[in-house]
Amino acid sequence: MTLIRHNDGVLDAARDCVLVYGVRRTTLTDVARRAGVSRMTIYRRWPDVRTLVADVMTREWVRVVADLDLSDPVRAVVAGVRGLRSHPLWRKIVEADPELLMPYLLDRRGATHEAVLRVLEPAVGDARKARAVLLVAQSFLLSAPTMLDPVTLDELDDELAALLEAYL
């Protein structure tokens, strides 16, 4: 997927700042310094930290999806959930700045949703099913940790696979 605003050095620097400071404590000055560019270079592409971080999230999470073997959509979805769940940026945002995810859960689809749907639709053969699969996967990604004890994440991932097998 090609981002509208793309500069790997700046995106890498932003990711690194978020991993160290969290989103709320990351500034465009921090990112510029780490990227070795001026703040104006960043402002030409991104109006604020949240927009920059949204592009970082899209890039990082689309990379996880891009590496999946879609010959078996069920295994691919479960692997994608596991990959995102263990991604350092995902973990940092969930731990430090979970409110950043709320617009993508309640108000609108983001660029990552669109990219995942472009991958899922041909894999499952239907736009409605792709959306349903994405919603189920998203709930397992976000809420599985709240359902632990007496079960493990691996057991919940097995249940996700069973649900998807039955559905697809």
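Student: Let's start with the loop. Where is P145 found?

Tutor: P145 sits in the loop between α9 and α10. Helices here are DSSP runs of H or I with at least four residues, strands are runs of E with at least two, and both are numbered from the N terminus. Before we go on, this is a predicted model, so local features need pLDDT of at least 70 and side-chain atom pairs count only at pLDDT 80 or more, while totals for chains, interfaces and linings use all residues. Residues are numbered from 1 along each chain as its sequence is written, and side-chain values use heavy atoms, with hydrogens and water left out.

Student: Thanks. How does P145 count, buried or exposed or in between?

Tutor: P145 counts as partly exposed because its relative accessibility is 44%. Buried means under 20% relative accessible area, exposed means over 50%, and partly exposed lies in between, using a 1.4 Å probe and protein chains only.

Student: How far apart in space are P145 and L156?

Tutor: Their C-alpha atoms are 9.4 Å apart, and 11 residues separate P145 from L156 in sequence.

Student: What about phi of D149?

Tutor: Phi of D149 is near 75 degrees, which is positive in a residue other than glycine. For background, most residues other than glycine have a negative phi, and most peptide bonds are trans. D149 also counts as exposed because its relative accessibility is 69%.

Student: OK, on to charges. Which residues gather in a patch of negative charge?

Tutor: D154, E155, D158 and E159 do, on the surface. A patch takes residues with over 30% relative accessible area and no salt bridge, joining like charges within 9 Å and nonpolar side chains (Val, Leu, Ile, Met, Phe, Trp, Tyr) within 5 Å. Lys and Arg count as positive and Asp and Glu as negative, with His and the chain ends not counted. Each charge is placed at NZ of Lys, CZ of Arg, CG of Asp or CD of Glu. As for E155, it lies in helix α10, residues 153-167, and counts as partly exposed because its relative accessibility is 41%.

Student: And which residues form a nonpolar patch?

Tutor: M102, L105 and L106, with about 280 Å² of accessible area together. Accessible areas come from the Shrake-Rupley method with a 1.4 Å probe, and for residues only the protein chains shown count as cover. M102 lies in helix α7, residues 102-106, and is partly exposed because its relative accessibility is 37%.

Student: How many salt bridges does the count come to?

Tutor: It comes to 15 salt bridges. The rule asks for a side-chain nitrogen of Lys or Arg within 4 Å of a carboxyl oxygen of Asp or Glu. One of them pairs R59 with D8, at 3.1 Å from N to O. R59 lies in helix α4 (49-66) and D8 in helix α1 (8-21), so this pair ties together parts 51 residues apart in sequence.

Student: What does E60 form a salt bridge with?

Tutor: With R15, and the closest N and O atoms are 3.5 Å apart. E60 is in helix α4 and R15 in helix α1, so that pair links parts 45 residues apart in sequence. E60 is buried, with a relative accessible area of 7%, and R15 is buried too, at 19%.

Student: And E114?

Tutor: The E114 side chain meets that of R109 in a salt bridge, at 2.7 Å from N to O.

Student: Last topic. What does V81 touch?

Tutor: Leaving out residues up to four places away in sequence, V81 touches A137, F140, L141, D157 and L160. Contact means heavy atoms within 4.5 Å. V81 lies in helix α5, residues 73-86, and counts as buried because its relative accessibility is 4%.

Student: And H87?

Tutor: H87 is in the loop between α5 and α6 (88-96).
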